[in-house]
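Here are a few notes to keep beside you as you look through the model for the first time. Please take them in any order you like.

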Amino acid sequence: MSVSFLTPVGSLLALLAIPPVVGLVLVYRRARRAREVLQLPEPERKAWVLPAAALLTLTGLLALTAAQPVVSDASLNSTRDDVEAIFLLDNSLSMSAVSSSGEASRFDRARAAAERIRLAIPEVPAGVASLTDRALPHLFPTTDLDAFRNVLARSVQINRPPPLEFNLRATSYEPIGDLLARNYFSAGLDTRVVVVLSDGESRSSSAASLAAALSVGPPTRVMFVRFWEQDESIFLPDGSVDAEYRPDPSSESQLRAFASGLEAPVFDEGEEAEQVHAIEAAVGEGPTFARRQRGEPFVLAPYLAGIALLPLLFLLWTRNRA
């Protein structure tokens with residue numbers, strides 16, 4: 001377990017305690033001299049010690065709150081540095097198609113499959129990218145499973161961002177090559193793996209040009225997982241069916257023809273065991289090493305601010321009694 005501070009300069013707020021404490025000391029000394037002159041008895045020590053302690057506690061808690069401490073658990077994870085994987089999710093509009101309103105969309109099923117496949121290779125750094133007519137990174141390869149889940153759930157959304165160009169078919173598979181050209185993978189790898197999760201409804205793409213791009217550098221293994229049903233429709237925000245969309249039955253054969261040019265396997269979404277076997281075969285076996293990884297941080301600031309109310313209420317109570 002480790003503690004860190006998001007804004008350590010906030011701890012300087014503790015300096016605000018100096019003026020009131022100095023003032024309290026001066027008042028106490030003046031009162032003592034007055035009591036000596038008037039021959040009055042000394043008050044109980046707690047009459048001034050407790051307010052001073054409450055004041056210091058209040059200021060200290062506020063200073064800690066301003067520094068924003070976070071607590072996180074550190075763990076040692078087995079990691080490989082010879083291979084990385086990127087899960088490329090098609091987030092074009094057709095991936096929002098569902099069998100009926102309220103059912104899981106193609107995109108929802110693709111996100112669930114990405115997490116499931118990723119869990120089969122926990123020691124392999126894996127990232128997330130989205131695909132329309134361009135490939136955009138959302139998470140560079142990491143062994144942090146929580147980060148992978150959070151990015152899938154929160155960062156990758158349908159048509160966010162939208163395609164660069166208007167086209168009846170937004171998805172193109174040629175930008176898969178951008179994962180290499182734009183250094184989405186780390187340098188010095190022995191193997192790179194790309195898992196494409198899509199419905200297969202795409203523009204015509206050149207497998208030959210993509211194969212040439214993937215042949216540069218270490219081997220790049222690609223696998224496709226297809227999410228598609230004949231009875232699926234796109235529902236508009238008002239609940240009506242988008243009349244301009246029709247599922248394309250020829251998309252499977254087109255995807256398989258394209259994938260064959262890359263020597264890449266294509267799996268239907270229900271072939272879960274085959275998908276796991278393929279990803280395990282793609283990453284192969286390699287040496288692992290222990291890497292320290294921080295867990296999900298726990299922010300303490302709100303709780304410290306709440307606790308700071310206790311000495312504040314005590315000071316107000318003692319003032320009112322006086």
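**Notes on the model**

1. Let's start with a pocket: the lining of the second largest pocket is made up of 12 nonpolar, 2 polar and 2 charged residues. Here Ala, Val, Leu, Ile, Met, Phe, Trp, Tyr, Cys and Pro count as nonpolar, Asp, Glu, Lys and Arg as charged, and the others, Gly among them, as polar. Before going on, please note that this is a predicted model, in which local features need pLDDT of at least 70 and side-chain atom pairs count only at pLDDT 80 or more, while totals for chains, interfaces and linings use all residues. Residues are numbered from 1 along each chain as its sequence is written, and side-chain values use heavy atoms, with hydrogens and water left out.

2. Thr220, Arg221, Val222, Leu262 and Glu263 lie nearest the centre of this second largest pocket, among 16 lining residues. Strand E8 (220–226), helix H6 (207–214) and helix H8 (272–283) each supply at least two residues of the lining, and E8 has the largest share, with 4 residues. (A pocket is an open set of points on a 1 Å grid over the protein atoms alone, where a 1.4 Å probe fits, with protein on both sides within 12 Å along at least five of seven lines; lining residues have an atom within 4 Å of a point.)

3. Next, look at arginine 111 in helix H3 (residues 106–119). Helices (H or I, at least four residues) and strands (E, at least two) are DSSP runs, numbered from the N terminus. Is arginine 111 buried or exposed? Arginine 111 is buried, because its relative accessible area is 18%, and buried means under 20%, exposed over 50% and partly exposed in between (1.4 Å probe, protein chains only).

4. The side chain of arginine 111 reaches the backbone oxygen of leucine 152 at 3.1 Å.

5. Two loop residues deserve a glance. Glutamine 68, between helix H2 (46–67) and strand E2 (69–72), has a positive phi of about 55° although it is not a glycine. Asparagine 183 has a positive phi near 60°. Glutamine 68 is partly exposed, since its relative accessible area is 29%, whereas asparagine 183 is exposed, with 58%.

6. Finally, find the cis peptide bond from arginine 160 to proline 161, with omega near 0°. Proline 161 sits in the loop between H4 and helix H5 (178–181).

How values were computed:
A polar contact is a pair of N or O atoms within 3.5 Å; within protein, one must be able to donate a hydrogen and the other to accept it, and residues adjacent in sequence count only if both atoms are side-chain atoms.
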